[in-house]
Amino acid sequence: MSELVFTNVTVRFGHHTAVDDVSLTVPAGQVVGLVGESGSGKSTLAATAVGLRKPTEGHIRADGKVQMVFQDPYSSLDPRMSIGNSIAEAMPRGTDKKAEVARLLELVHLDPGRASALPARLSGGQRQRVALARALAGRPRVVIADEITSALDVSVQGAVLNLVRDLQRQLGLSMLFISHNLAVVRYVSDRIAVMKAGRIVEEGPAGEVLEDPQHEYTRELLAAAPRRHTRLEAS
Amino acid sequence: MRRLTVLRSPVGAASAVLLTVLLALAILAPVLWGDRAAAIDTDALQQGPSADHLLGTDQLGRDIFFRVLVATRLTIGLALLATVIGVVTGLVLGSVPSVLPRWAARIVISGVNIAVAFPGLLLALFFAVIFGTGTIGAVLAIAFAITPSFARLTQTLTASVSGRDFIAAARVCGVGRFRLLTRHVLPNIAEPLVINATLAAGSALTAFAGLSFLGIGVQAPSYDWGRLLGEGLNRIYISPAPALGPAIAVVLAGLAFNLFGEAAAAGHRQRSHRATAVPATTSSAPDDGGLLTVRNLHVSFPGGITPVRGVSFTVHNGEMIGVVGESGSGKSLTALAVSRLVEHPGTVTADALEFGGKPLDRTPDRELGTRLAMVFQDPTTSFNPTKRIGRQLSEVSEVHQGLGRVAAARKAVDRLGAVRIPEPERRAKQYPHEFSGGMRQRAMIAMGLMGEPQLVIADEPTTALDVTVQREVLKLLATIREDRSAAVLLISHDITVVAQTCDRVLVMYAGRIVEELPTDELFTAARHPYTTALLKAVPDLDTDRGAPLAVIPGRPPEPGEIGRGCPFAPRCPLADDQCRTEEPELTDFGPDHRVACWKSETELAGVR
């Protein structure tokens with residue numbers, strides 16, 4: 001099956017340790033949500049999984065291809081390349097590219113007739129769908145989603161989250177879903193891992209982590225997450 | 001289409017005409033006048049200008065005017081050839097480091113760095129000696145003199161593009177290094193490279209003329225402008241025309257290339273930046289007692305784009321008001337208009353735009369600087385990185401309140417303490433990079449408190465911050481409001497942030513306020529379909545994980561796309577013909593509650 005396993009992964013930049021001895025498993029067909037503050041090492045960990053960065057120590061094992069969707073759909077698509085070509089570029093050799101592009105665009109609810117459009121003609125939400133389609137074009141078994149909704153408007157964010165959930169279930173993907181937004185992570189994840197200062201401080205089934213957090217930092221995050229009917233008073 | 005922007009400026013148009021004439025001459029002159037330029041006339045040796053020979057004749061009696069025209073082809077051809085060779089070599093040297101193994105890349109980069117240190121003309125002379133005198137030698141000399149600066153430019157541009165996500169995305173997809181370079185990097189840096197190549201062609205042309213003039217360029221019997229100039233110069237005191245003719249040709253052609261390049265570069269810059277200036281026109285209207293009164297505010301840009309279309313609201317003393325909307329809703333521009341920060345070419349108009357009972361455009365800067373504080377989204381770019389935090393704060397009081405340096409510094413420390421920055425005295429002596437993001441945002445708020453602000457405008461103050469820090473900053477704003485009875489206008493795309501902290505909420509959509517209501521009623525009594533849809537679309541810790549999230553179909557309209565009717569109608573489940581043809585006004589729905597919707601009476605399913 002298609003697991004993604006990080007074993008004792010450490011990444012150092014000079015004297016700074018961005019990821020500190022992290023072991024984490026994304027079980028086959030499940031979504032693991034990774035939460036933490038900016039600078040906690042979430043994105044660096046993700047970069048090691050797709051080979052954008054080499055771990056200083058430890059190793060990563062993935063069964064099947066790993067693909068990644070980036071945070072900012074405005075910079076993750078080449079502005080000079082049509083969205084169809086961007087998607088086709090990621091396909092394995094010997095694919096009927098035209099038909100596959102149409103199928104993938106359809107899969108992310110975009111009009112296949114727009115394959116020749118440049119990214120500038122698309123809204124942020126549509127671009128993020130194209131980025132998803134490109135990630136799927138490589139027929140991955142594991143997908144890493146790095147803050148994929150944080151650059152989107154709230155009215156569009158919901159549609160992208162729904163799509164991610166549907167696709168993950170439909171295709172049986174294993175997914176590492178990274179976000180600083182606990183509410184968003186809670187919505188899509190089967191398991192939740194909490195990262196702070198390069199380390200995973202808590203990991204477990206989503207329900208348990210949210211209802212019975214063991215680490216103090218998890219409790220702090222939960223308390224800070226906005227809730228509908230609580231008011232923040234002056235301190 | 002975009003290339004044509006060059007032609008819009010007078011300089012660009014003039015240089016384009018000149019270039020066209022030069023190219024036409026280069027192609028046609030040898031065909032039309034080649035024979036006349038070569039015709040030897042032993043009866044008319046070394047004559048001055050006359051009706052027959054406009055620029056006179058040379059020592060073999062050949063007409064210099066026609067020789068100048070005919071020489072256009074060789075001069076421009078060689079200059080372009082040298083440029084092409086130089087640019088291509090530069091491009092290769094500049095981009096191979098991204099394909100080579102690291103050690104080889106380092107060698108290439110160091111080589112380029114050393115070569116860049118030598119002046120171009122010096123390199124050209126050096127190469128000219130190595131390659132020997134003659135046309136080929138001169139072309140190579142000039143080409144290799146252009147190469148280093150081009151290699152460096154390509155390196156720098158490539159590095160700036162390589163950091164972008166789409167390159168990382170392509171790498172993750174398994175795109176090879178070479179294809180990455182040709183398909184993703186080069187197309188994205190082509191524009192500045194082309195502009196610089198045009199400039200390089202201009203300098204190649206003059207440099208070539210220089211080499212030929214010195215006798216190490218084109219050799220007889222071939223001739224280019226530089227050679228003609230050299231020949232004419234021998235008798236410049238007897239007859240200046242034979243030297244001036246080719247000289248003028250060199251200057252004109254050099255100018256044409258350089259000015260065209262400059263105009264293209266200016267057009268390129270214009271597309272990436274916007275100019276600044278602050279025009280604001282307001283007419284006064286009766287004051288209704290608010291601290292900030294905004295009536296029928298419009299912000300528009302050239303081309304009939306009006307991102308803020310008639311916004312009216314009042315902020316009372318000590319009130320905390322939230323403005324919610326998506327990007328493009330006009331919320332930030334509204335805030336900028338209120339703080340007089342709308343940039344040129346934007347124009348601000350309003351029936352009333354008053355702060356503390358006075359029209360904003362007549363409030364002196366000094367007064368506005370102390371009574372109104374602005375907190376921006378990104379605290380990193382709001383501070384000068386080269387100055388200590390304390391100094392940046394105290395300057396505000398020195399400028400706006402005329403405090404002495406010592407008193408202002410003491411006040412800065414006091415205010416840093418007021419926003420709960422630990423050890424304010426030590427922190428005041430630190431630079432912005434020594435502060436964390438949340439700390440910087442607090443320092444920004446402290447800067448606003450250096451005056452005695454009656455109104456704090458915070459535009460997405462917590463968006464760049466982590467959730468735990470976000471809560472601290474929001475609490476701080478609430479505290480300031482309580483302790484100093486200052487009003488706060490909090491702008492956010494996140495309705496839950498606003499709901500937690502504010503007394504009243506203004507919901508903006510497509511440049512207008514579509515609903516205004518007390519925060520307590522937000523989740524129970526919101527009437528505008530957009531407000532209720534927003535509330536349902538955002539997941540929080542109580543959202544049902546089993547059901548799909550509520551979705552608002554479509555996307556918000558761009559400011560240029562707003563037509564007749566309610567701008568939300570295309571996305572609204574309740575929209576009917578009236579909604580599509582008439583835009584509803586913001587009308588009273590109950591006490592403290594205003595809605596702009598034809599369907600506000602329709603019973604909507606409760607939010608929760």
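Here is a short walk through this predicted model, one selection at a time.

**Stop 1: chain B as a whole.** Select chain B and show the cartoon. You will be looking at 22 helices and 14 strands. With a radius of gyration of 34 Å, well over the 25 Å that the globule rule gives for 608 residues, chain B is more spread out than a compact globule. Buried residues make up 46% of the chain's 608 residues.

**Stop 2: where chain B meets chain A.** Next, bring up both chains. The contact takes 48 residues from each of chain B and chain A. On the chain B side, color helix H7 (165-172), helix H8 (177-213), helix H18 (467-484), helix H19 (495-501) and helix H21 (529-537), the elements that each give two or more residues. H18(B) supplies the largest share, eight residues. By type, this side of chain B divides into 24 nonpolar, eleven polar and 13 charged residues.

Stop 3: Now look inside. In soluble globular proteins, nonpolar side chains tend to be buried together. The largest nonpolar core here has 179 residues, and those with the most contacts inside it include Leu176(A), Phe177(A), Leu455(B) and Leu477(B). H18(B) turns up again, giving this core its largest share, eight residues.

Which residues does Leu489(B) touch, leaving out those up to four places away in sequence? Select Val315(B), Ile321(B), Val323(B), Ala335(B), Leu455(B) and Ile457(B) to see them.

**Last stop.** Finish at a second, separate core of 67 residues, with Leu22(B), Phe144(B), Ala247(B) and Phe257(B) among them.

Note on methods
Residues are numbered from 1 along each chain as its sequence is written. Chains are lettered from A and ligands numbered from 1 in the order in which they are written. This is a predicted model: local features need pLDDT of at least 70, side-chain atom pairs count only at pLDDT 80 or more; totals for chains, interfaces and linings use all residues. Two residues are in contact if their C-beta atoms, placed from the backbone, lie within 7 Å. Helices (H or I, at least four residues) and strands (E, at least two) are DSSP runs, numbered from the N terminus. Ala, Val, Leu, Ile, Met, Phe, Trp, Tyr, Cys and Pro count as nonpolar, Asp, Glu, Lys and Arg as charged, and the others, Gly among them, as polar. The radius of gyration is taken over C-alpha atoms; the globule rule is 2.2 Å times the number of residues to the power 0.38. A residue is buried if 20 or more other C-beta atoms lie within 10 Å of its own, exposed if 12 or fewer, and partly exposed in between; C-beta atoms are placed from the backbone. A nonpolar core is a set of buried Ala, Val, Leu, Ile, Met, Phe, Trp, Tyr and Cys residues joined through C-beta atoms within 7 Å.
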